[in-house]
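Please consider the structure shown below.

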Amino acid sequence: MGRLWLDAKTMRELGHQVVDAIAERLVRPWDATPIIAAASPDELAARLAEPAPEDGRPFDELLRRLDRDVLPFMTRNEHPGYFAYIPGSGTWPSALGDLIASGLNMDVGSWSLSAGPSELELVVLDWFKQWIGYPSHAAGVLTSGGSAANMTALACAREAVVGAMSDRLVVYCADHAHSSVARAARILGFRPDQLRVLPVDERYRMRPDALVHAMDADIRAGREPLFVAAVAGSTSTGAVDPLREIAAICKERGVWLHVDGAYGAFAVLSERGRATLRGLELADSITLDPHKWLYQPFECGCLLVRQGHQLLNAFEIVPDYLRDAKTGVPREVNFADYGMQLSRTSHAIKVWLSVQYFGLAAFREAIDRCIDLAQHAEERIRRSDRLELVSPAALGIVCFRRRTDGSEDEAERTNAHLIRALSRGSIGFVSSTRLRGRFAVRLCVLNHTSRREDVDAVIDHFERAAVDTRAAAPAPVVRHERDARIEEGWLGAPRVDPDVVRSLPLFAELDDRDVERVARIAREVRFPAGAAIVEQWEVGREFYAIVDGTARVFKDGKEIAEMGRGDYFGELAALEWGASFSYPRLATVLATTDVRALVLPGPFFNELVRDAPSVASRIRHTVRERMARA
Ligand SMILES: *Cc1c(COP(=O)(O)O)cnc(C)c1O
């Protein structure tokens, strides 16, 4: 026996030490420590960085080090006042499930090597299918999380619909889709102009009319709509896209409908959640995240595919060195053929253990309570003179902010300050988001530990806490120095006169250096009267500022604005939404006289907004106004 094997007595002893240490941490009083305890990389490196020792050290000494140098520096996810991001609170039986999976080193890739754990995964997937209302021929796979599930879905759809990658394929999502959708597109080789980010309606849901227009414009241009990523519970607001309408649109055009239910899908277990999520079962594929609203410890995600064979077809490859592990018997599922992982732990065992141990009613009750608490928060915000509701409770999320008399910048400073102040204590923890460009405090109730008094304490803080404006000064703007030659974008184009740049109100407060930069990179373009400068639903990233002439703006055929010297447009499509993806054009602009305009390429426009506060604040204001109209 080598030195890495331990006898049973030692295994038990070490195990008891670990279990005792975890239990002790978990049952600490809620106010004993802050919810988050940050530390700088330098500080932690000083505690921890060292080469691996040649000889071993006593286990209890190592546990003490973890207790002193590592464990204090992480958020207390299980804290009842943890309302930031999408919280996660696991259960003890599921944590023990993870211990079993790793203690016995489960590898659930093939039936022949792991029949019991494979069947357990099938059982858990059958539960999920049943809860969602999916048919029995649907298939699924447990993944590391929602991001992996979304990527697996896109790969599956591409294989099922067209096969190999093509430049003509287009993916659609709303601007409130999770960033993992854009990341999946990027990883799978979709270029930024192959992902359409669509505007949302007044309740932050995907607009079916926008989807139809965008798809039709793409079809007219010879492109091929492939995949729509709708969301069932958006991360920012909890909004659920109009799933039935979107499903009908997709069906008519043969487009794959994926519903990202990473945050919200498990709400189907509750009566109200089920009503809110109607239409979920119509999706071609669904992402679920048991490590969110099914109270599993990280990691555990899930992808379900309605036509189960499509998932197998997309991923199955059997090399010679795995032939022995493959039985070919139909019911004997090899999970390695249902996604990108060959070696994979059992995520099912923790789901199975916890659901069996507590019973489904306990989970249903926990989910219901979160929905209740979010509604309670909304009622308190509505009743308060000092708070403003920014988006009402949807599933377990509500967005709001402290009212201020001043500008948008002031509202942002005040509320960001209140969030920071809260996070330093042990009462609660929330995060922020931006809705139509407006800063909002975001409260997401998901933990099974959260109580009414925890929600009340956080709302009290935002109502009453004092704001020290000195501490709330804006973060300094980081300037990026670049080699000027890299910015010589438009080879051979005549250089723009810096005075023309300076004469436009948008650029009036730029310093000389930035005016020079704009003059160097901008291009001066002329359009004859009657020309369409940009057309709605087209793809383009340039930003336009009118130097001379007038233009009219049309949205869905209706005139919505007139523009003249100094006005600008194209900022919504130019601004990056993440991973260099952005909106298509959301309006048509027609020149009514001859128009002379400065044109800025999208990437440079993003740099300018990032570096120049005067431009940033005007653009943010415009975005807020124009998105409110969208
Ligand atoms: C959290 C979340 C994801 C990403 O899931 P991970 O498990 O963190 O990878 C994707 N989509 C939505 C809507 C989410 O809320």
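In this predicted model, Trp-92 is a residue of helix H4. With a relative accessibility of 33%, Trp-92 is classed as partly exposed, because that class lies between the buried limit of under 20% and the exposed limit of over 50%. Trp-92 also belongs to a nonpolar surface patch of about 560 Å², together with Val-19, Ile-22, Leu-26, Val-27, Leu-96 and Leu-99. Two helices, H1 (8-26) and H4 (92-103), each contribute at least two residues to the nonpolar patch.

Asp-337 is found in the loop that runs between helix H11 (308-315) and helix H12 (348-358). Is Asp-337 buried or exposed? Its relative accessibility is 7%, so Asp-337 counts as buried. When neighbours within four places in sequence are set aside, the residues in contact with Asp-337 are Leu-311, Leu-312, Phe-315, Glu-316, Ile-317 and Lys-326.

An oxygen atom of the ligand lies 2.7 Å from a backbone N or O atom of Gly-146. The side chain of Asp-260 places an N or O atom 2.6 Å from a nitrogen atom of the ligand, while an N or O atom in the side chain of Asp-289 is 2.6 Å from an oxygen atom of the ligand. Taken alone, the ligand exposes 380 Å², and the protein buries 86% of that area.

How values were computed:
Residues are numbered from 1 along each chain as its sequence is written. This is a predicted model: local features need pLDDT of at least 70, side-chain atom pairs count only at pLDDT 80 or more; totals for chains, interfaces and linings use all residues. Side-chain values use heavy atoms; hydrogens and water are left out. Patches are made of residues with over 30% relative accessible area and no salt bridge: like charges are joined within 9 Å, nonpolar side chains (Val, Leu, Ile, Met, Phe, Trp, Tyr) within 5 Å. Accessible areas come from the Shrake-Rupley method with a 1.4 Å probe; for residues, only the protein chains shown count as cover. A salt bridge is a side-chain nitrogen of Lys or Arg within 4 Å of a carboxyl oxygen of Asp or Glu. Helices (H or I, at least four residues) and strands (E, at least two) are DSSP runs, numbered from the N terminus. Buried means under 20% relative accessible area, exposed over 50%, partly exposed in between (1.4 Å probe, protein chains only). Contact means heavy atoms within 4.5 Å. A polar contact is a pair of N or O atoms within 3.5 Å; within protein, one must be able to donate a hydrogen and the other to accept it, and residues adjacent in sequence count only if both atoms are side-chain atoms.
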